[in-house]
Amino acid sequence: MDRKRQIIDSAIELFATKGYENTSVAAICEHSNVSKGLVFHHFKNKDGLLREVFMRMAEIINEVGESVVNTDLEQSPKARLVDFLDKIFLSMASPEHKLYYQVDFQILCQRSTRTLLKDLFDERYQLMMTSFEEILRDIPAATPEVDSHMIIAEIDGIALNYLFATKDYPLMAIKDRFIQKQLLLLGL
């Protein structure tokens, strides 16, 4: 692993466990076993590192959204929707991705970091909206824009509960019920 990626991975882990505001560049250096000079060589400042962290997390999260674009259009809208929702929940359940989602929610909940990354949040949200709308356009009972916002909001709520649950959380059972509910609401 290259040093830049090592710094980003350390920052993700520390931001997820301690929060962005409570993580110093010195702590990131110590955790990744690099010098401050190397951190500032790769990143202009801590905010620059945060943008890189977010872009790394967005790559992982966006892979799920982009997978719907590459889905076989011969599949029924129902099959495409089920496949997309399944991939979202499987990504969320991945231990590595769980850290990304934790950082993501912490960043979103802090005004200063949310403002700093607004363009990236907006871009990612639009990707999710477009992905859902493309599927929902082919479902007669759907109102693509409204239903897309609702599905994303519900997924965010489920993710928030899952990420910060202190005991076993039945994520896969919730996924199955969530998909059943969406199919029922959409008349599928």
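Leaving aside neighbours within four places in sequence, which residues is lysine 175 in contact with? Lysine 175 is in contact with Asp86 and Phe89, where contact means heavy atoms within 4.5 Å.

**Figure 1. Overview of the predicted model.** This is a predicted model, in which local features need pLDDT of at least 70 and side-chain atom pairs count only at pLDDT 80 or more, while totals for chains, interfaces and linings use all residues. Residues are numbered from 1 along each chain as its sequence is written, and side-chain values use heavy atoms, with hydrogens and water left out. The protein chain contains 10 helices and 0 strands; helices (H or I, at least four residues) and strands (E, at least two) are DSSP runs, numbered from the N terminus. Along the principal axes, the C-alpha atoms occupy a box of roughly 55 × 35 × 30 Å. Of the 188 residues, 44% are buried; buried denotes under 20% relative accessible area, exposed over 50%, and partly exposed in between (1.4 Å probe, protein chains only). Among contacts between residues at least 6 apart in sequence, 67% join residues at least 24 apart.

**Figure 2. Lysine 175 in helix α10.** Helix α10 spans residues 171–185 and includes lysine 175. Lysine 175 counts as buried because its relative accessibility is 10%.

Figure 3. An unreviewed UniProt entry lists residues 24–43 as "DNA-binding region"; UniProt positions are given in the numbering used here, feature names are shortened, and annotations may be inferred rather than shown by experiment. The span is 75% helix and 0% strand, and its end C-alpha atoms lie 14 Å apart. Asparagine 33 belongs to the loop between α2 (25–32) and α3 (36–42). Its phi is near 60 degrees, a positive value in a residue other than glycine. Most residues other than glycine have a negative phi. With 61% relative accessibility, asparagine 33 counts as exposed.

**Figure 4. Packing of helix α8 against helix α9.** The axes of α8 (residues 118–136) and α9 (residues 144–163) come within 9 Å and cross at roughly 125 degrees. Helix α8 is therefore oblique to α9. Axes are lines fitted to C-alpha atoms, for helices over the stretch in contact, and angles run from 0 to 180 degrees between N-to-C directions. Angles under 35 degrees count as roughly parallel, over 145 as roughly antiparallel, 65 to 115 as roughly perpendicular and the rest as oblique. On the α8 side, the residues in contact include Tyr125, Met128 and Phe132, which meet a set in α9 that includes Ile151, Ile152 and Ile155. By class, this contact has 9 nonpolar, 2 polar and 3 charged residues; Ala, Val, Leu, Ile, Met, Phe, Trp, Tyr, Cys and Pro count as nonpolar, Asp, Glu, Lys and Arg as charged, and the others, Gly among them, as polar.

Figure 5. Helix α1 (residues 3–18) packs on α6 (residues 95–109) at an angle of about 65 degrees, with the axes 8 Å apart. Helix α1 is thus roughly perpendicular to α6. Arg5, Ile12, Glu13, Phe15 and Ala16 of α1 make the contact with Leu99, Tyr100, Gln102, Val103 and Gln106 of α6. These residues divide into 6 nonpolar, 2 polar and 2 charged. Helix α5 (residues 77–93) packs with α6 at about 90 degrees, their axes being 5 Å apart. Helix α5 is accordingly roughly perpendicular to α6. Here Ile88, Ser91, Met92 and Ala93 of α5 contact Pro95, His97, Lys98 and Tyr101 of α6.
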